[in-house]
Amino acid sequence: MDGPGFTASLVAGGVAGTSVDLILFPLDTIKTRLQSPQGFNKAGGFRGIYAGVPSTAIGSFPNAAAFFLTYEYVKWFLRTDSTSCFVPVKHMLAASAGEVVACLIRVPSEVVKQRAQVSASSRTSQVFSNILCEEGIQGLYRGYKSTVLREVDMKAWISFSWREAPSPSEVNLGSCFYKTSTTKERVMKLIPFSLVQFPLWESLKALWSWRQDRVVDSWQSAVCGAFAGGFAAVVTTPLDVAKTRIMLAKAGSSAASGNVLSALHGVWRTQGLTGLFAGVVPRMAAISLGGFIFLGAYDQTRSLLLQVSRKSP
């Protein structure tokens with residue numbers, strides 16, 4: 001992959017990530033407070049809706065840039081024929097690798113952000129200092145595993161819907177489509193819920209392309225992404241609840257150990273199904289809108305930067 005391509009991916013990813021995180025921050029705050037063990041009202045309700053935004057503003061650009069830089073590099077490294085049925089697998093692996101790297105930046109930012117969201121009276125810098133003093137660097141990476149588990153699922157799925165759609169002549173609901181699904185089944189151990197999610201993305205784009213007898217446009221792909229993203233948000237909400245509980249848990253408590261299954265069991269035992277899906281509505285809205293804005297901003301910024309680089313001597 002050439003230098004301009006890497007630079008464009010890095011900058012475009014950063015711009016897209018920052019745009020989405022800041023625009024949809026109020027929805028994220030509401031979702032976090034709904035998932036908080038202390039309850040929505042005690043966590044702040046609708047007050048201080050932008051509490052924790054400095055952490056997001058600082059972390060969004062490098063986080064999104066790291067994801068897209070890794071994503072584009074792995075795609076380039078695993079380059080395959082565009083008609084190959086293994087193209088979706090390439091995108092899934094690229095997205096998974098990108099998320100593992102990006103979470104090294106995202107998790108500390110999110111830990112600080114979420115604690116500030118449920119403690120609106122505390123400044124972000126104060127929250128950051130308290131974490132370092134009481135828990136050290138480890139405290140900033142609490143919930144890393146649950147975040148990766150949740151995000152690898154989401155990003156890998158999004159990457160499938162966003163990749164360049166096949167031409168109408170390649171939209172085959174027969175052999176290639178089912179071969180692709182079979183390949184996805186083999187990697188189920190790596191990507192939870194993928195068997196449900198991936199066919200939905202692929203089916204929406206394939207159906208739209210078939211109906212209009214041409215390749216879907218970028219905005220059409222984004223619309224498919226928004227619909228599928230909303231569904232993915234609902235499915236992965238329990239993992240998001242577990243991640244929130246782990247990040248907000250007091251140091252030394254059982255939840256602070258980072259055990260995802262233990263966190264899920266604790267929520268189920270105390271609040272049942274309602275607790276596992278706390279914040280599902282704002283989460284679904286944020287991811288649906290965010291997917292549309294994120295992919296659109298990335299695509300437009302990257303195209304613009306590549307055009308500028310081509311014109312430069």
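Is Trp76 buried, exposed or partly exposed, and what is its relative accessible area? Trp76 is partly exposed, because its relative accessible area is 35%, which lies between the limits of 20% for buried and 50% for exposed residues. The structure discussed here is a predicted model.

**Overall architecture**

The secondary structure of the protein consists of 13 helices and zero strands. Read along the sequence, the pattern is accordingly α-α-α-α-α-α-α-α-α-α-α-α-α. The protein has 313 residues, of which 52% count as buried. Among contacts between residues at least 6 apart in sequence, 79% join residues at least 24 apart. The protein exposes about 14700 Å², and carbon and sulfur atoms supply 64% of that area.

In soluble globular proteins, nonpolar side chains tend to be buried together. In this model, the largest nonpolar core has 14 residues, and the members that touch the most other members are Phe67, Phe68, Tyr71 and Phe294. Two or more residues of this core come from each of helix H1 (3–23), helix H3 (53–77), helix H4 (87–117) and helix H13 (280–311). H3 gives the most, with five residues. A second, separate core comprises ten residues, including Cys103, Val111, Val127 and Ile131.

**Aromatic pairs**

A search of the whole structure finds four aromatic pairs. In one of them, the ring centres of Phe40 and Phe46 are 5.1 Å apart and the planes stand at 75°, so the pair is edge-to-face. Tyr73 and Trp76 both belong to helix H3, where they are three residues apart, about one turn of the helix. Like Trp76, which is partly exposed, Tyr73 is partly exposed, with a relative accessible area of 37%. Tyr73 and Trp76 form one aromatic cluster together with Phe77.

The relative accessible areas of selected residues are as follows.

| Residue | Relative accessible area | Class |
|---|---|---|
| Lys31 | 5% | buried |
| Tyr73 | 37% | partly exposed |
| Trp76 | 35% | partly exposed |
| Tyr141 | 33% | partly exposed |

**A nonpolar surface patch**

On the surface, Leu104, Ile105, Phe128, Leu132, Ile137 and Tyr141 form a nonpolar patch, and together they have about 500 Å² of accessible area. The elements that contribute two or more residues to the patch are H4 and helix H5 (124–135). Tyr141 is located in the loop between helix H6 (137–140) and helix H7 (144–162). Tyr141 counts as partly exposed because its relative accessibility is 33%.

Lys31 is placed in helix H2 (residues 25–35). With a relative accessible area of 5%, Lys31 is buried, since the limit for a buried residue is under 20%. Apart from residues up to four places away in sequence, Lys31 touches Gln114, Asp240, Lys243, Gly279, Pro282 and Arg283.

Methods
Residues are numbered from 1 along each chain as its sequence is written. This is a predicted model: local features need pLDDT of at least 70, side-chain atom pairs count only at pLDDT 80 or more; totals for chains, interfaces and linings use all residues. Side-chain values use heavy atoms; hydrogens and water are left out. A nonpolar core is a set of buried Ala, Val, Leu, Ile, Met, Phe, Trp, Tyr and Cys residues joined through side-chain atoms within 4.5 Å. Buried means under 20% relative accessible area, exposed over 50%, partly exposed in between (1.4 Å probe, protein chains only). Helices (H or I, at least four residues) and strands (E, at least two) are DSSP runs, numbered from the N terminus. Contact means heavy atoms within 4.5 Å. Accessible areas come from the Shrake-Rupley method with a 1.4 Å probe; for residues, only the protein chains shown count as cover. Patches are made of residues with over 30% relative accessible area and no salt bridge: like charges are joined within 9 Å, nonpolar side chains (Val, Leu, Ile, Met, Phe, Trp, Tyr) within 5 Å. A salt bridge is a side-chain nitrogen of Lys or Arg within 4 Å of a carboxyl oxygen of Asp or Glu. Rings of Phe, Tyr and Trp (its six-membered ring) pair if their centres lie within 6.5 Å; planes under 30 degrees apart count as stacked, over 60 as edge-to-face and the rest as tilted.
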